Amino acid sequence: MNRTRLRRATALLLTAVISLSLFSCSSMSPSEKFNALLEELPAWAVNGDSLSVNFLFENPESFGIEPLPYEHDFASQDDYADGAEEIRTLLERLHDIPLAKLTEDEQLHYRVIEDYFTRSLRTYDYYYLDNTYLGSFLGYQAQLPLLLTEVHFNSTADIDNYFYLLETTKDAFRQYADYEAERMAAGYGMCQDMLDGVIEQCDTLVEQGCDFIADAFNQRIDQADFLSDAVKEATKARHKTLLAEAFLPAYAQLSEDLSKLTGSPEPLGLAHFEGGQAYFEVLVQSSVGTDLSISGIKAKLMTAIEADMLAMQALLTAHPDIDFDVLGSEFCDFTTAEEAVDYLAQATAADFPALTQLNYTVRPVPESLRDNFSPAAYIVDTIDSPLSSPQSIYLNGDFAPDLFPTIAHEGYPGHMYQNVYYKSLQPPAIRCLIDYGGYTEGWATYVEHYTPQYAPNQSLSNELYVLNDHLSLLITALLDIGVHYDGWTLEQFREQCSYFYGELEEEEAKEMYLLILESPGNYLNYCLGGLLFQQLRSRAEEALGDAFLPVAFHQVLLDAGPASFPILSDLVDAYIGKALGR
């Protein structure tokens with residue numbers, strides 16, 4: 001689960017302040033100018049009134065951010081225009097600093113910042129396509145209940161800000177409903193099936209309630225040593241009232257408001273909207289961090305699909321007696337996710353740089369959110385908390401052996417390990433705010449398919465399970481492109497699925513189609529990102545032969561932090577050259 005998106009725009013005057021404070025002194029060296037910019041960027045990139053401040057920082061003031069009462073995010077067209085202009089100004093200031101005169105580490109940070117904001121800027125031309133809030137799975141309203149259980153309470157101000165967020169949820173949701181009506185009027189709104197999915201998600205939460213939010217809140221209040229016992233009880237009582245009289249009614253109101261709208265009768269991908277194909281390509285290149293065109297991506301996916309199919313065919317031909325009924329059930333005999341995480345940390349230690357410490361908790365996904373939640377998720381910790389701070393993994397239901405690769409993806413050596421490792425390097429704060437989906441999800445997908453070789457129980461069914469899972473992800477990414485770039489209708493989608501999966505029931509095909517429809521390009525973060533990581537590894541293995549060391553290769557990628565694949569490719573080439581003594 002991603003931490004946040006960097007802000008789209010602000011009305012702050014910080015741009016002018018940065019310009020004056022950084023460049024008014026001609027005696028500053030290039031490194032001094034650049035490091036001054038690095039220090040200023042967190043306050044520029046994150047709105048002080050965003051809930052993300054609470055998730056990103058324990059002490060935001062130390063980063064120049066003055067926390068304000070939390071507001072639910074929303075950006076107007078003017079905000080987009082202002083944000084684009086601010087990014088252009090940032091890039092101009094960055095380009096005033098000579099890259100060649102910076103240190104090696106500074107050059108990497110420079111390249112990543114330049115690359116990230118240059119890619120992000122391209123999405124600003126597609127306001128109605130890019131600026132969305134509602135969705136049954138990844139929509140803000142769907143994620144908000146769980147986010148509330150993770151808010152940090154380090155002061156009374158945090159609690160007051162949290163309460164203000166609850167009090168204003170209904171107003172924010174009405175704004176989202178009005179905005180969706182505006183998108184529909186402009187020809188960009190959700191189809192009726194997607195609209196119904198959001199309404200159903202809201203109704204489910206209202207019906208089942210949010211006791212899990214109250215329980216999580218009460219636990220944190222009990223641990224708040226800056227409150228007296230009497231204040232703790234009064235705070236809990238007020239929270240209970242706000243949930244009942246403000247928060248849940250906001251979901252009921254959103255359901256009612258959306259029920260008054262009429263979405264398009266036929267579900268269609270981005271290709272059917274004005275500028276949709278161009279936006280999809282820009283979105284994928286920005287999020288994944290790649291310069292590949294959509295046609296280039298399709299070619300890579302098809303090559304990988306063919307390779308997986310041939311590998312599966314060879315495995316099944318050599319072992320026709322593989323029991324399909326036990327696929328995924330033989331990885332381990334563990335009964336808890338904690339056992340799997342702890343085992344993976346030990347079993348893969350030789351292949352990944354060591355962590356000095358790791359503290360984590362596995363939490364259950366609340367019942368009312370399970371139908372609209374992934375099998376598991378990792379919640380990113382604040383960037384300035386101690387390394388010993390507990391990390392959070394959410395598990396949707398009970399642990400089962402077939403979740404062993406999923407735990408590698410979310411826990412170790414996936415998201416949790418990756419995040420804690422990079423944090424241990426103490427990079428500039430802005431580097432912890434920048435996120436490429438292709439890097440984070442690609443890495444987690446790469447290790448998800450890499451670590452089953454270390455499963456306690458090895459079997460041919462495990463090998464077939466991993467191959468099938470990888471193939472399914474490749475196919476889903478190809479379907480993502482088909483829906484959003486090639487413009488497949490639901491019927492065309494079903495026909496294409498039959499090529500890979502055989503004949504699908506209409507409802508099954510529709511469920512898959514709507515999931516892809518709601519999150520354009522999302523599967524490419526996982527699939528293409530993982531594929532590009534694997535190709536970097538293959539390049540290094542081919543060049544180095546027996547001199548290739550997995551731990552050294554992984555360290556190159558992890559030390560880089562979130563970055564685009566052209567940058568990662570250059571770093572891997574440098575690693576290969578150094579290993580060969582060039």
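Which side chain does a polar contact of 2.7 Å join to that of H72? The partner is Y140. The model behind this report is predicted.

H72 lies in a loop. That loop connects α3 (52-56) to α4 (77-95).

Two polar contacts involve the H72 side chain. One, of 2.7 Å, goes to the side chain of Y140. Another, of 3.2 Å, goes to the side chain of T169. Setting aside neighbours within four places in sequence, H72 touches Y140, L144, L165, T168, T169, A172 and Y176. Both polar partners, Y140 and T169, are in that list.

Three strands make up an open sheet. Their order is β1-β3-β2, and the pairing is mixed. The edge strands are β1 (360-364) and β2 (376-379), and each pairs on one side only. From one strand to the next, the twist averages 25 degrees.

Strands β2 and β3 (residues 391-395) run antiparallel and are joined by 4 bridges. Across this pairing, A376 stands opposite L395 in β3. Helix α17 (residues 415-424) packs on the sheet. Its contacts reach β1, β2 and β3. The direction of α17 makes about 170 degrees with that of β3.

## Helix α13

Helix α13 covers residues 276-289.

The buried residues are G276, Y279, F280, V282, L283, V284, Q285, S286, V288 and G289. An α-helix has 3.6 residues a turn, so residues three or four places apart point the same way.

## Cysteines

How many disulfides does the model hold? The count comes to 0. A disulfide is a covalent bond between the sulfur atoms of two cysteines. For C210, the closest cysteine sulfur is in C202. The two sulfurs are 13 Å apart, so they are too far for a bond. The cut-off for a disulfide is within 2.5 Å.

C210 is buried, with a relative accessible area of 5%. C332 is buried too, and its relative accessible area is 1%.

Terms used: Residues are numbered from 1 along each chain as its sequence is written. This is a predicted model: local features need pLDDT of at least 70, side-chain atom pairs count only at pLDDT 80 or more; totals for chains, interfaces and linings use all residues. Side-chain values use heavy atoms; hydrogens and water are left out. Two strands pair if DSSP finds at least two bridges between them. Helices (H or I, at least four residues) and strands (E, at least two) are DSSP runs, numbered from the N terminus. Axes are lines fitted to C-alpha atoms, for helices over the stretch in contact, and angles run from 0 to 180 degrees between N-to-C directions. Contact means heavy atoms within 4.5 Å. Buried means under 20% relative accessible area, exposed over 50%, partly exposed in between (1.4 Å probe, protein chains only). A polar contact is a pair of N or O atoms within 3.5 Å; within protein, one must be able to donate a hydrogen and the other to accept it, and residues adjacent in sequence count only if both atoms are side-chain atoms. The expected span of a helix is 1.5 Å times one less than its number of residues.
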